[in-house]
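Subject: Structure handover

Hello,

Please find the structure below. My notes on its interfaces follow.

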Amino acid sequence: MKKTIIAVLLVLLSLVSLIALSRLVTPKYADGIIEGAMIAEYYKETTDHDVLLIGDCEVYENFIPADLWNNYGINSYIRGSAEQYIAQSYYILEDSLRTETPSVVVFNVQSLSFSEKRSEAYNRMTLEGMRWSPSKVGAILATMTEEESFASYVFPLLRYHERIFDLKPTDFTYYFSVPPVSYNGYYMRVDVRPAENVPEGKPLADYSFPEESWKWLDRMADLCREKGIDLILIKAPSLYPYWYGEWDAQVRDYAEEKGLTYINYLEIAGQIGIDYSTDTYDGGLHMNLYGAEKLTAHLGDLLTSEFHLKSRRGEEALEAVWAEKTARFENDKAAAVAAEQEKANGEATD
Amino acid sequence: MRFASVAFPLFLAALLGLWAILPRRARPWLLLLASAAFYLCAGLGGIVFLAGVILLSWGAGLLLRREQEKQKAQIEEEAPDRARKKEIRAVFTRRKKRILRCALGILLLDLFLVKYLDFVIRGGASLFGADPASFPGLGIIVPLGISYFTFSAIGYLIDVFRGTCGAEKNPARLALFLSFFPIISQGPICRYGDLSETLFEGENLKGENLSRGAMRIAWGYFKKIVLADRLAPAIAAIFADPSGAGGMATAAAILMYTFRLYFDFTGGIDITIGVGELFGIRLPENFNLPYFSGSLKEYWRRWHITMCSWFRDYLFYPVSTSGFMTKLSGKIRTRVGPKAAGRVVLYVSSFLVWAATGIWHGAGMNFLVWGLCNWAVLMISEELEPLYKRFHDRFGFRGKAWRVFMILRTFLLVAMLNLFDCFDGVGGTFGAAAALFAPWDPGKLALTGLEIKDILILLFGGALVFAVSLIRTKVPDLRGAIARRGTVACWAVIFGFTLAVLLLGAYGIGYDQSAFIYNRF
């Protein structure tokens with residue numbers, strides 16, 4: 001009996017040690033490439049959302065939930081991650097709808113253009129952040145690259161064991177918990193790099209989106225319809241990767257057929273005041289804070305006018321949550337703008 | 001399913017769970033099902049082939065048994081005198097030989113068609129001036145472990161013929177013997193008489209077996225995943241272009257390959273034997289500290305022991321005592337003398353054994369040349385033995401220092417012979433050997449791609465393997481000694497090595513998770 005108890009205790013000790021080591025070597029994404037922590041951050045939310053925005057960097061760098069709250073009383077969250085495949089978007093939506101039913105889901109259609117599995121690193125950043133559920137299993141199976149294995153998602157030690165040689169102080173600092181890295185999924189950038197000499201897209205042999213992509217978009221549309229959620233398709237005003245007219249026409253036809261709203265922000269960028277010399281931080285790929293403010297204003301107007309979302313200002317609990325979030329956002333924004341200004345002044349002096 | 005995959009430990013855990021809850025009689029069936037599942041992971045074609053070999057061996061074994069029973073019955077019925085008894089035996093021996101030859105012929109023909117036909121056709125093409133590379137090959141997928149289960153089947157039939165083991169009536173039991181999942185991919189080559197003692201027992205799980213087995217498995221994984229697989233890319237990088245890498249890097253790669261082969265093969269066998277131990281199944285040892293050998297002859301008594309003993313018992317002895325050899329040796333004895341007769345028998349029989357050993361390792365001229373080089377060195381050593389003896393008697397070279405020198409000399413010889421294993425053709429081997437005479441530039445060692453952390457892991461890991469080997473020369477049952485220290489000591493060893501494998505192992509993205517080298521033989 002004594003031997004059995006010792007054996008059981010030793011097995012437990014082994015398991016705990018392995019889990020603890022696994023946590024240690026798994027990247028925390030608390031600094032540097034913080035995008036890896038964004039998907040997991042959603043689970044810290046305590047409120048239900050009116051709007052969920054889903055997609056890749058064209059979403060999480062282009063819309064500001066804090067502005068939607070402050071200016072429209074809309075409680076929103078961006079479930080975005082770098083190079084999010086459309087299959088991942090579907091499963092992230094499915095995962096979110098397990099616990100809440102927003103009025104509107106906004107999906108950026110850029111990911112329709114590719115269905116092949118391209119990057120293990122981006123996969124990890126998206127999939128590892130998801131909580132274990134059938135949606136996560138589905139997302140892993142649908143999108144992991146050939147070099148990946150399902151087991152390495154279950155036991156991250158199998159993937160990150162070599163990090164034991166490259167541990168950083170942050171691996172210990174953020175061992176138990178990672179501080180918020182985004183603002184309801186928004187990734188703030190305040191620097192400016194104007195778009196210059198953006199090349200035209202090269203002609204393609206075939207402009208059709210992969211069948212696989214349509215399948216996932218259908219599933220997203222069906223899921224939203226089942227839950228009574230309005231799905232809005234958008235194309236962010238990114239100047240590259242090039243968004244072809246042929247692609248746009250296909251999405252437009254699809255939206256019309258399904259009765260969905262589709263907004264190509266590239267077309268209306270001028271109309272809503274996007275200035276590519278001041279509103280982007282990387283030459284036209286992503287919006288900076290100033291561009292994001294303009295896009296958010298347009299989306300807020302659309303949500304209230306076309307989708308009749310009511311302001312939830314006055315809901316005490318929500319107000320309290322947002323007071324804290326807004327304070328943090330405004331503080332960080334002011335600090336980032338000041339730092340950027342200082343940097344610009346320094347460069348001007350040099 | 002590979003040993004070095006996440007699926008294998010899970011498969012093993014599930015099997016142990018089922019083993020624990022099933023009644024004793026059902027456990028061999030569980031092993032058979034598990035072996036079939038394990039084998040199915042390697043493809044459906046392979047299992048059909050394996051089933052054919054099982055059925056053939058079973059059928060031929062029963063026919064041999066029937067002849068034995070008939071012989072016994074006739075002798076009992078006739079109650080003959082000595083001469084008649086001999087006559088009856090001769091008749092039945094001829095019949096049994098016909099059955100055995102027929103079965104062995106089919107088994108060897110199968111092996112030839114699947115594994116060697118491409119090689120023979122390519123060789124034939126080159127003899128007639130055609131480019132062997134232009135021959136696309138027959139596209140036959142070689143079933144996993146074909147050499148191992150074919151040799152086990154041959155050994156079984158010869159043993160039944162000789163009467164050293166009885167023919168198995170139950171095809172499922174023979175199927176389990178030939179397909180037992182831990183041994184099917186890289187041996188050891190088992191004898192039915194030995195393995196059947198524990199294979200069908202379905203022994204209850206015991207703490208001692210579990211801890212001993214788990215220690216051996218963890219040690220095997222350590223050697224394979226931490227050491228062998230970390231060396232693999234460095235060796236491949238140098239052998240991709242030995243002449244460009246220069247002398248020092250090529251020499252380093254040759255030594256690294258020899259270590260890798262040891263870590264890889266012995267690691268695999270450790271896992272195999274450890275898995276057997278978990279279920280209370282005793283598998284034969286395949287190594288006995290081979291790199292501590294003082295000569296090539298000794299090395300071949302310590303390396304891949306089951307293969308060497310297989311060739312000794314089922315090829316060397318039958319050939320050296322065959323009618324042809326007896327006649328040949330008789331003629332030489334009369335004309336030259338008894339010593340020469342003995343030598344000729346030894347040389348010819350050994351030649352055949354080493355040619356077969358080479359070819360057994362792979363369908364390629366390099367393997368054949370490797371086998372014959374081993375033969376040549378062994379025969380030259382045999383011839384020079386009296387000279388060595390006189391030398392030692394005169395100069396008194398004995399003691400530890402001399403032993404160390406002999407071990408190092410043998411290790412280097414084995415390393416050079418192993419070079420035939422590293423390239424597809426003989427030309428590549430000689431090219432690499434020639435590269436040893438290129439300038440020795442230490443800077444070229446960087447071509448291995450080994451980082452400081454790799455070198456440290458290899459040095460510490462290698463030192464650990466060396467230390468354990470040294471301890472084993474004094475304490476052969478090291479695991480037994482650890483087990484006697486109690487549960488915590490066993491756990492510390494098992495968990496320590498598991499942790500080392502998980503943290504320091506060369507696996508995952510960025511590594512080409514290599515199969516065990518001996519899987520391809």
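Glu162(A) and Arg230(B) are joined by a salt bridge, with 3.3 Å between the closest N and O atoms. Please keep in mind that this is a predicted model.

That pair belongs to the interface between chain A and chain B, where 2 salt bridges are counted. There are also 8 residue pairs in polar contact between the two chains, both residues being at pLDDT 80 or more. On the chain A side, helix H1 (2-25) and helix H9 (157-160) each give two or more residues; H1(A) gives the most, with 8 residues. By class, the chain A side that touches chain B has 10 nonpolar, 3 polar and 6 charged residues. In total, 19 residues from chain A and 16 residues from chain B take part in the contact. The chains bury about 1700 Å² between them, and carbon and sulfur atoms give 76% of that area.

Domain 1 of chain B puts 22 residues into the contact and domain 2 of chain B puts in 17 residues. The buried area here is about 1600 Å², with 71% on carbon and sulfur atoms. Of the area that domain 1 buries against domain 2, Gln186(B), Thr198(B) and Leu205(B) supply 31%, more than any other three residues.

Between these domains 1 salt bridge is found: Arg282(B) with Glu197(B), at 3.3 Å from N to O.

Regards

How values were computed: Residues numbered from 1 in each chain as written. Chains lettered and ligands numbered in written order. Predicted model: local features only at pLDDT ≥ 70, side-chain atom pairs only at ≥ 80, totals over all residues. Heavy atoms only, no water. Contact = heavy atoms within 4.5 Å. Buried area = accessible area lost by both parts, 1.4 Å probe. Salt bridge = Lys/Arg side-chain N within 4 Å of Asp/Glu carboxyl O. Polar contact = N/O pair within 3.5 Å; in protein donor to acceptor, adjacent residues only side chain to side chain. Helix = DSSP H or I, 4+ residues; strand = E, 2+ residues; numbered from the N terminus. Nonpolar A, V, L, I, M, F, W, Y, C, P; charged D, E, K, R; others polar.
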